[in-house]
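Please read these notes with the sequence and the model open side by side. Each point can be checked by finding the residues as they come up.

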Amino acid sequence: MRLGAMCFLWFPLLFMGQPLVGQTGETDERAIRAVMDRFVDAWNHHDAKAFATVFAEDADFTNWRGTGASGRTKIEAFHAPVFATIFSKSHLEYTDIKTRFVRPDVATVDVHWKMSGAIDAQANPRPEREGLLSFVMANSAGEWEIVVMHNLDISALPPS
């Protein structure tokens, strides 16, 4: 009986300081969407420095081919040449965002995207593309940032 009473009294303390289900949601989802807006805006301005700022200092980026970069500075350096060439006239937009909070300060974010205006290495127009960006994001000092990003080009997949 005494053990039951102690559990009853101590149980609420386990959840102190943690948001209730639904409390994390709306404000943080808006903040995450704002990061995605900055991500897309930087892409559409072909600005590697602005693009890299939405990533954590020690972030990992992997493109649809499985290559990438680790660290904000290397992510910027990875994108600068492609923004100056094959993606110099590209336009990116997202069509859907799905967020799942793993913890109040960590979220997985799936972003469906479409791209037009890309060219190949010979400056020939590439067809419009669609894909999925998969992010792990973390709230660090009140700011959401990308910790891990993987990109999937659905257009590159053979038909099923």
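1. Start with Asn44, which is found in helix H2. Helices here are DSSP runs of H or I with at least four residues, strands are runs of E with at least two, and both are numbered from the N terminus.

2. A note on the source: this is a predicted model, in which local features need pLDDT of at least 70 and side-chain atom pairs count only at pLDDT 80 or more, while totals for chains, interfaces and linings use all residues. Residues are numbered from 1 along each chain as its sequence is written, and side-chain values use heavy atoms, leaving out hydrogens and water.

3. What does Asn44 touch, not counting residues up to four places away in sequence? Asn44 touches Ser90, His91 and Leu92 (contact means heavy atoms within 4.5 Å). A polar atom of the Asn44 side chain lies 2.6 Å from the backbone nitrogen of Leu92.

4. Helix H2 covers residues 25-44, which is 20 residues. From its first C-alpha to its last it reaches 28 Å, close to the 28 Å expected at 1.5 Å a residue (the expected span is 1.5 Å times one less than the number of residues). Asn44 is among the buried residues of H2, as are Ile32, Phe39 and Trp43. Buried means under 20% relative accessible area, exposed means over 50%, and partly exposed is in between, with a 1.4 Å probe and protein chains only. His46, which follows H2, has a positive phi, near 55°.

5. Asp105 lies in the loop between strand S3 (91-103) and strand S4 (106-116).

6. The side chains of Asp105 and Arg103 are joined by a polar contact of 3.0 Å. A polar contact is a pair of N or O atoms within 3.5 Å; within protein, one must be able to donate a hydrogen and the other to accept it, and residues adjacent in sequence count only if both atoms are side-chain atoms. Leaving aside neighbours within four places in sequence, Asp105 is in contact with Met137, Ala138, Asn139 and Trp144. Asp105 and Ser140 are 35 residues apart in sequence, and their C-alpha atoms are 7.7 Å apart in space.

7. For the whole chain, there are 4 helices and 6 strands, running α-α-α-β-β-α-β-β-β-β from the N terminus on. Buried residues make up 31% of the 160 residues. Of the contacts between residues at least 6 apart in sequence, 52% join residues at least 24 apart.
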